[in-house]
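Please look over the sequence and the model shown here before reading on.

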Amino acid sequence: MKKKLLISIVALFLFLNHVPLVKASSLDNTVLNQLGNENISVSLRALNNGELLYDNNGDVAMKPASTLKLLTAAAALDMLGSDYRFRTEFSIHGKQKGNVFNGDVYIKGEGDPTLQKKDFITFASILKHHGIEQINGNLYGDDSLFVGEQLTPGISKEDESYYFAARTTALTLSPDNDYDAGTMIIHVTPTKVGGPPNIVADPKVSGMDIQNEAVTVQQNQRNTIEIERQYGTNKIIITGNIPVNTTFKDWVTFYDPTINTLQVLKTTLEEFGITLSNNTEIKRNKVPKDAQSIFVKHSLSLKSLMIPFLKLSNNSIADILVKTIGREVNGKGHLKEGIKALQEYGALLGLDMEQWTLEDGSGMSHNNRVSANELTHLLTNIQMEPQFNILYKSLPIGGQSDRLIGGSLKNRFNEGIYENRVIAKTGHITGVYTLAGYVKANSGKTYAFAIMTQHQTAVMLSAIDEVVKQIIKDY
């Protein structure tokens, strides 16, 4: 009897300890079938104690792409605070005589990604309230709080025209509430067949030179419109065909956000009925100490900015946050100082920062490196941070079609059994597809996971999703 009982206990022990092996084997098969066994890294951790439950090449350093924004977001919320707001200050320096102001207008920026043309309308109305209808002077932009290169390292010549590779200065502008700072939107509408389409820039032309080489074509023809800024210039070239009864729009980057922002200010003042002298100059200059501040615009709070930042994977906000962290923490609004602060934050969080190689905070650079195990380490450790709920609620939710809820996961995990179970940050740069976040499995427990692929020649989104679905089934 005792022998049978002993055998039963041993059998039960072996069974209980065999379950994780079965799970691991099942997940291994899915990883192999979906992702292969090269240039991939997978990690899964328990949330309650950070225990590593599964990994496949988990300690191999990989390109994180936009999953790096998880670290940037956590550091920004901790170091800047969830109520942090960017300021943009409008000042005048000179003397007013009647309705004429003989002097200069200044805008000093802190990198506010939410600055828009409507704020210039407010400023113009304040000038009118002061009785100013003519300005005999210059428009100056003070962007001195950010220093160093406007572009983060690793932005290719071919990508510089596109919204995800915008230049970053302390004085910048966004065309809409996605807050892709340093960009403008070009709207293309057809005219008669054979004629050039109509082009509308938002906000206005902004000092850019738009060259329209596009053609309106028959309705049954293909839309081939392309909008690109010529490398190293202010020239935007629009080419291709647009069929009648269709419309097209695309974002294009400013060549110099500070100067282009000032150009928008100039046209807005003129539209509002404020005359500027013919020799008005538009350039950089620091605000004089005795200038008169007449309007300060405050941005949304950082906790509100987390939604477009993480849901829409906004690179401009990432670059601005890193430089802002550098200024606030290390006294200099330089990318390198911000990266240094990210490293310091990660170390305080208990991460092994020797396993992290950082060149930016957006994940755009192909020189960034981190392992899947370190990403899940981050995901488990930030649970204890006071601002964790803000970050968590700002992540894309699988299967939610609203772009400000589902974000970059709005078209993924939309089968009923998987909806709302994957809350994670996506990542993609050339040849790189990643996903890292939280998944609620069939057991009812939630886990931290990271799936990383690089040097890929095919789109890996569905393959990554199948691995996540297997985690849901097995755990």
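Which residues do ring pairs link into a cluster? They are Phe90, Phe120, Phe123 and Phe295, where rings of Phe, Tyr and Trp (its six-membered ring) count as a pair if their centres lie within 6.5 Å. A search of the whole structure finds 11 aromatic pairs. The model is predicted, so that local features need pLDDT of at least 70 and side-chain atom pairs count only at pLDDT 80 or more, while totals for chains, interfaces and linings use all residues. Residues are numbered from 1 along each chain as its sequence is written, and side-chain values use heavy atoms, with hydrogens and water left out.

Ser91 lies in strand S3, residues 87-97; strands (E, at least two residues) and helices (H or I, at least four) are DSSP runs numbered from the N terminus. Ser91 is buried, with a relative accessible area of 4%, where buried means under 20% with a 1.4 Å probe and protein chains only. Leaving aside neighbours within four places in sequence, Ser91 is in contact (heavy atoms within 4.5 Å) with residues including Asp104, Tyr106, Val287 and Ile294.

In soluble globular proteins, nonpolar side chains tend to be buried together.

Helix H6 is mostly covered, with 13 of its 16 residues buried. At 1.5 Å a residue, H6 should span 22 Å, which agrees with the 22 Å between its end C-alpha atoms; the expected span is 1.5 Å times one less than the number of residues. At the start of H6, a side-chain oxygen of Asn314 reaches to within 3.0 Å of the backbone nitrogen of Ser316, and just after H6, Gly331 takes a positive phi of about 80°.

Helix H4 (residues 257-271) has 15 residues and should span 21 Å, in agreement with its end C-alpha atoms, which are 21 Å apart. Its buried residues, among them Leu262, Val264 and Leu265, pack against elements including strand S4 (100-109) and helix H3 (117-129). Gly273, whose phi is positive, near 90°, follows H4.

Key: Buried < 20%, exposed > 50% of the residue type's maximum accessible area, 1.4 Å probe, protein only. Phe/Tyr/Trp six-rings, centres within 6.5 Å; stacked < 30°, edge-to-face > 60°. Polar contact = N/O pair within 3.5 Å; in protein donor to acceptor, adjacent residues only side chain to side chain.
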